[in-house]
Amino acid sequence: EEREAAEAREKVEALSREVEERERDVEALRKEVAAARKKAEASLEVVEKGLETLAEAEKGRSTEVHDLKNEVERLSAEKLQEAEKLTGELEQVSGELERVGQARVGLEAEVERLSAELDAVRRRAAE
């Protein structure tokens, strides 16, 4: 019986040592899991901050694009008004040029008539 009891005690001690070893392993694994969790949380924070930064940048770019679109529309409207003004001025100058051309034709005809008259006066004076 003593021998059986001694064997049983040895088995219990061996099992106790094994349990202690397993508990140390479990504790080490818990520490590893805690460290991995901390790393994951830190990485998650970095990713969330990155996403926030990207969202802000996208919002900024969206605002920038909107502002640029408005500027392009404003400049287009200005250029259109300028083109319409220049077109009006061109039409006005073209009308004036046509009137000047017609006046020139009239003056040339008058010069020819007066030249013919002058020639006639000179011929009579020469006679």
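This is a predicted model: local features need pLDDT of at least 70, side-chain atom pairs count only at pLDDT 80 or more; totals for chains, interfaces and linings use all residues.
I found one helix and zero strands in the protein. The helix, α1, covers residues 2-126.

**Overall dimensions.** The C-alpha atoms fill a box of roughly 180 × 20 × 15 Å along the principal axes. I then checked the radius of gyration, which is 53 Å for the protein, while a compact globule of 127 residues would have one near 14 Å.

**Buried or exposed?** I asked what share of the 127 residues counts as buried. The value came back as 0%. For the surface, I noted that the protein exposes about 12000 Å², and that carbon and sulfur atoms supply 56% of this area.

**Charges.** I went through the charges next and noted 24 positive and 36 negative ones. Their mean positions lie 2 Å apart.

**A negative patch.** Which residues gather in a patch of negative charge on the surface? I wrote down Glu1, Glu2, Glu4, Glu7, Glu10 and Glu13. Glu2 counts as exposed because its relative accessible area is 70%, and the cut-off for exposed is over 50%.

**A nonpolar patch.** I also found a nonpolar patch on the surface, formed by Val47, Leu51 and Leu54. Together these three have about 300 Å² of accessible area. I followed up on Leu54, which sits in helix α1 as well.

Note on methods: Residues are numbered from 1 along each chain as its sequence is written. Side-chain values use heavy atoms; hydrogens and water are left out. Helices (H or I, at least four residues) and strands (E, at least two) are DSSP runs, numbered from the N terminus. The radius of gyration is taken over C-alpha atoms; the globule rule is 2.2 Å times the number of residues to the power 0.38. Buried means under 20% relative accessible area, exposed over 50%, partly exposed in between (1.4 Å probe, protein chains only). Accessible areas come from the Shrake-Rupley method with a 1.4 Å probe; for residues, only the protein chains shown count as cover. Lys and Arg count as positive and Asp and Glu as negative; His and the chain ends are not counted. The place of a charge is taken as NZ of Lys, CZ of Arg, CG of Asp or CD of Glu. Patches are made of residues with over 30% relative accessible area and no salt bridge: like charges are joined within 9 Å, nonpolar side chains (Val, Leu, Ile, Met, Phe, Trp, Tyr) within 5 Å. A salt bridge is a side-chain nitrogen of Lys or Arg within 4 Å of a carboxyl oxygen of Asp or Glu.
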